[in-house]
Amino acid sequence: MPPIVVKPPTLQALWRSLPSFGGARRYLAGGTDLVAGANAAPAGVKARPKGGSFDRTEVWVDISGLKELRGIKETKTSLMIGAGAKIAELEASPLVRRWLPVLSAAIPHFASPSLRNMATIGGNAANASPCADAVCALCAEKAQVLLEFKGKRRKLALPALFKGPKKTVLRKDELIVAFEVPKWKHSGAYLKLGPRSYFGISKAAVAAALEMDGEKVRSVCIALASVAPVPLLAVKTANYLCGRMLNEENARTAAALVKTEVSPITDVRSEAGYRREMCGVLLERALNSIASGVSGIN
Amino acid sequence: MLNAIFKLKCTVNGVKIERDLDSSRTLLEFIRVDLGLKGTKEGCGEGECGSCLVLVDGKAVNSCLMMAVQLQGRELTTIEGLKGREGGLHPLQKTFMEEGAVQCGFCIPGAIIAAEALLRENPRATSEDIKRGLTGNFCRCTGYEKILSAVEKSKSCR
């Protein structure tokens, strides 16, 4: 660092010019993870020489200007969210507010207002942090992710994108271009436990999306952040809830079950045992808040 | 061989400029080193502290995390570009002084930019809105009370 930054004008131009960028290249979108990482000095090393000699081993391909990655559109059955959409754009979008209650609940807990003006939803996924709030929420919304390489596209369920902390199944140069999120009639909650009310990294977070059929649960999706190497779907817990009444007793059982599905670690932010316990507490609160018709807020 | 030099056209505090720029510059380095505008501060370099906030197209961003080439065609406002309606100090600058919201002062340009972005979008921000609007700005001196009351007070003199 610092690298050379190039700005292809269109997606097509990007695919055409990729080989000329050399081997070590990375995509630059909002910069909130990539530039922060480059600014950070490894222990004992001064990272970024101010006006000094530059190590130009990397090329950053700036995709923040690509129109193909922008916008939030509606089809009959889903929302198409461009990977380049800023978190603040999602926050302001009437479509997101109308169709994606879990994501809407998560966004106020995503970093700070200025970082939300910069960070993109595609970058939040590509960074593959297990604590990514918007990604966890989109997993509960049953989102799929669209990947493209030289005009060829493939589509994955969003949780399948992640292999581990900071690791995805993205192939070399493959780009996240959009998220396809189904429209379904659900309520949602996002409960995040962090060191403070806002602008913290979670110790644990629970995203729950739930569709009712009368008094019974028709469909439910539960995702958790910061309690596994990847954004985690609690499949067993969701299966348990499906077809059952949404009441306090079932919420308690679901809370006990979800604790068996997570695999938290002890690190600087929290302890494994506490995190596991809190998954149960947060899920129970989320389910009870949905049951009482109040969208989950911290 | 890729060219590391980039031709940047943008508006800085109301003035159109054109510069040959090293593409590896962050926006913060461009502002402080190339433009010589020292009001914008570097604190943490990772988006935590908010000392480096500037407005790009009217929205607050952390200039330490944006690359200067991403300013192409856009409008930058730094703390030096904020003014009152008839010149002189901006209302936020006045109320920060009146309320004694400044101690060491390092975080203040960023805090004022965050408050300005918030009040442009929502001139009637509640005290809760103001707190949330400033969540990305750390002050290690004041304990925030005076900063919050300065922002609150500035609403009536915008």
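## Contact between the chains

In this predicted model, 26 residues of chain B are in contact with 29 residues of chain A; contact means that the C-beta atoms of two residues, placed from the backbone, lie within 7 Å. On the chain B side, the elements that give two or more residues are E4 and helix H4 (127-133) of chain B. E4(B) supplies the largest share, four residues. Helices (H or I, at least four residues) and strands (E, at least two) are DSSP runs, numbered from the N terminus.

By type, the chain B side divides into 12 nonpolar, 11 polar and three charged residues. Ala, Val, Leu, Ile, Met, Phe, Trp, Tyr, Cys and Pro count as nonpolar, Asp, Glu, Lys and Arg as charged, and the others, Gly among them, as polar.

Residues are numbered from 1 along each chain as its sequence is written, chains are lettered from A and ligands numbered from 1 in the order in which they are written. Local features need pLDDT of at least 70, side-chain atom pairs count only at pLDDT 80 or more, and totals for chains, interfaces and linings use all residues.

## Arg74 of chain B

Arg74(B) sits in the loop between strand E4 (59-62) and strand E5 (75-77) of chain B. Arg74(B) is partly exposed because 13 other C-beta atoms lie within 10 Å; a residue is buried at 20 or more such atoms, exposed at 12 or fewer, and partly exposed in between, with C-beta atoms placed from the backbone.

Leaving aside neighbours within four places in sequence, Arg74(B) is in contact with Cys10(B), Val56(B) and Asp57(B).

## A sheet in chain A

Three strands of chain A form an open, parallel sheet in the order E1-E3-E2; strands pair if DSSP finds at least two bridges between them. Strand E1 (4-6) and strand E2 (25-28) are the edge strands, each pairing on one side only.

E1(A) is joined to strand E3 (residues 59-62) of chain A by three bridges. Val5(A) has Trp60(A) as its bridge partner in E3(A).

## The largest nonpolar core

The largest nonpolar core has 145 residues. Such a core is a set of buried Ala, Val, Leu, Ile, Met, Phe, Trp, Tyr and Cys residues joined through C-beta atoms within 7 Å. Its largest share, eight residues, comes from helix H3 (residues 108-121) of chain B.

Val102(A), Ala207(A), Ala208(A), Ile222(A) and Leu224(A) touch the most other members. Not counting residues up to four places away in sequence, Ile222(A) touches residues including Ala140(A), Val206(A), Leu233(A) and Leu283(A).
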